[in-house]
Amino acid sequence: MWDVFLSYSRGDVERVRPLARALRDGGLEVFTDETGVESFAGISATIRRELGRSKALLAFYSTGYPEREACQWELTTAYLAGLGEGDPRRRVMVVNPERTADHIQPVELRDARHAAPDDLPALVADVRAHVARLDGPMTIAEPGVRHWLLGTPRPRPDFLGRLFELWQVHSALHAHAAPLVTGRAAAHAVQIRGMAGIGKSLLAQEYALRFEAAYPGGVYWVDGEAYEDSVHALGDAGAGVGGTGVAGTGVGGPGGLFAYFDAIGEPFLWIVDAAPADRLPARDIAAMAAPHPLGHTLFTLRSRAYDTLGTPVDLGPLDAPHARVLAGDEALADAVGGHPLALGLLGRAVRAGHHPGALYDRLHARGRSLLDALADEDVTGAVVRDVDTADAADVLRCAAALHPLPLSTDDAAHVLAAADRVPQIVARRRAANGVRELRARSLLTPAADERWSLHPVTQHAWHHHDPAPARTEALRHAALRTLCGRRDARDPVTLAFPGTRREAPMAAPSESERMAAYDIQIELVTRIGVQELAPGTGSLREALTSLKSLIDFTRATLHTYSVSLEHGSETGAPTVQNLAYALINETIRPFTSTWHPRLAAYEARCPADVAPLDHEAAWPQAEAMRAELAALREPLVRIAEGLGGISGADFGVAATG
């Protein structure tokens, strides 16, 4: 029998050897594994046997320790052995060679007092005292839930690479057990979030199987999609839980569940699988939580829109090494981006004798989805079933058109503006709405620089379930025209400067600049000057007043959007700043400063018995002023066109000849 099973990362072997020597010199029997555990093979029979012959595990918990899967298997096994005895720290001790304890999982071990390796005599004395209190070796139990209503599941061989997430779930559910390091004194619900097929339910099931010792009151699995029916089914089966029952309480009725768990009087795990997110308000989802304070609630859901529901554990794709093991082929693993459901289906097909190359071709072929064919049911529809608004569908189409390149909100806005011929500000609002909805449904994942990535399985599913493929094709064409035609940032896009033949690089305008350009453009194209004034019609005074108010409006708009008024730019490119400067100081002001005093002097001589319009019509300089007012139209239209190039809006102002 071993006193200590010494668990450590192979990268720490030189730091661990003095510790092992000191423990042995202190009279302790120490097991060290010199060969390691095969990757992805779970815990080997040898390690399980030797743990079963050891009183306690001593983890040399460096920052590299959590990254070693073999270490995590050893720690988990010993932790669960102690958990079955009522205290996980009974069979696990921690040596922390780092300055902080943030890297230590689970939270109960982070809260424990950690021995320091720089004082070996004191450490050996602590270990000797600890193992002296243990009667015998730890008991290593096979995973299996004793109190699982409606059937006991078995461990799944396709559960790989999620040990860290298991610890995340457990630490989050028990954060209140270590208030000094978590700052939490009460239990909180936990939500496992991620796209369809990413392994949320599997992680919840494996957690319940492995950590059932933490919940002597049982494990209760509730179907969130059919919550009421599921709770009533629990009521029907309740009398057999753990050989106990609550006669006459009516478990499925009002107050019955509370009375039932009150009678049991032990902590229990309440799993709400597939909570119907986005179809119910947060308070209704929260109402599905454990019906008694002794319950620990674990939700699985696709939505990321319920941050107040509980501590989130966001589940992403499997890492590349585990994905290759599950799929049985590197190309297939890469093709589905580490998606566990797709990996499992492809891996079973490979093991059944299908050639990986043929499966790869079929995965990208037209017709029925290969994943649906392998599953013998529509499994891809669930991936995209939450795409239920036009904005979300269009942004997903834009992302699919650019896949595997990431997509920004601006990218999607440019595509929508080009395809639908709407102002850029309108297109950007739709794009932002679509991105927000897709992120909330776990259908877009963050990439670098405010860009979002589309998972290949999402693209595959959308290809087979897109309700409007013609719309997809139109957006694909628009994407190719507007985005793929752009040059590299080192060779920027050039535009002809209004009123000249030269070209200058155009920097991408900010959202504030686009909105300012759009507002000024709307005002400009409706004013006298851009809209022609027919001979003998209208009022010259009103024309002057309109142009003067346009100066005030432009200044106020620039102030609203925090855009400065500038003359020119370093690159000479058209910007909202220099277009506004040209509008105010080079176009409108020379006209108004010339004609306002002349017209005002003439108006002052208007007889009392003559109407102002009649007096104005008799002005000898009226035709000259009208001619100069008409000449303003060309520069004003060019400025409006320049603003349209920034805002993305085209109001159909005819170009001048």
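**Exercise 1.** Determine whether Glu225 is buried, partly exposed or exposed, and find its salt-bridge partner.

Solution. Step 1: Glu225 has a relative accessible area of 37%, which makes the residue partly exposed (buried is under 20%, exposed over 50%, partly exposed in between; 1.4 Å probe, protein chains only). Step 2: its side chain forms a salt bridge with that of Arg385, at 2.9 Å from N to O; the term requires a side-chain nitrogen of Lys or Arg within 4 Å of a carboxyl oxygen of Asp or Glu. Step 3: Glu225 sits in the loop between strand S6 (219-223) and helix H9 (227-237), and Arg385 in the loop between helix H17 (381-384) and helix H18 (390-402), so the contact ties together parts 160 residues apart in sequence. Helices (H or I, at least four residues) and strands (E, at least two) are DSSP runs, numbered from the N terminus. Step 4: Arg385 is also partly exposed, at 43%.

The model is predicted: local features need pLDDT of at least 70, side-chain atom pairs count only at pLDDT 80 or more, and totals for chains, interfaces and linings use all residues. Numbering starts from 1 along each chain as its sequence is written, and side-chain values use heavy atoms, without hydrogens and water.

**Exercise 2.** Which salt bridges does Asp420 form with Arg430 and Arg471?

Solution. Step 1: Asp420 pairs with Arg430 at 3.1 Å, N to O. Step 2: Asp420 also pairs with Arg471, at 2.8 Å. Arg471 lies in helix H22 (residues 469-482) and Asp420 in helix H19, 51 residues apart. Step 3: Asp420 is partly exposed at 25%, as is Arg471 at 23%.
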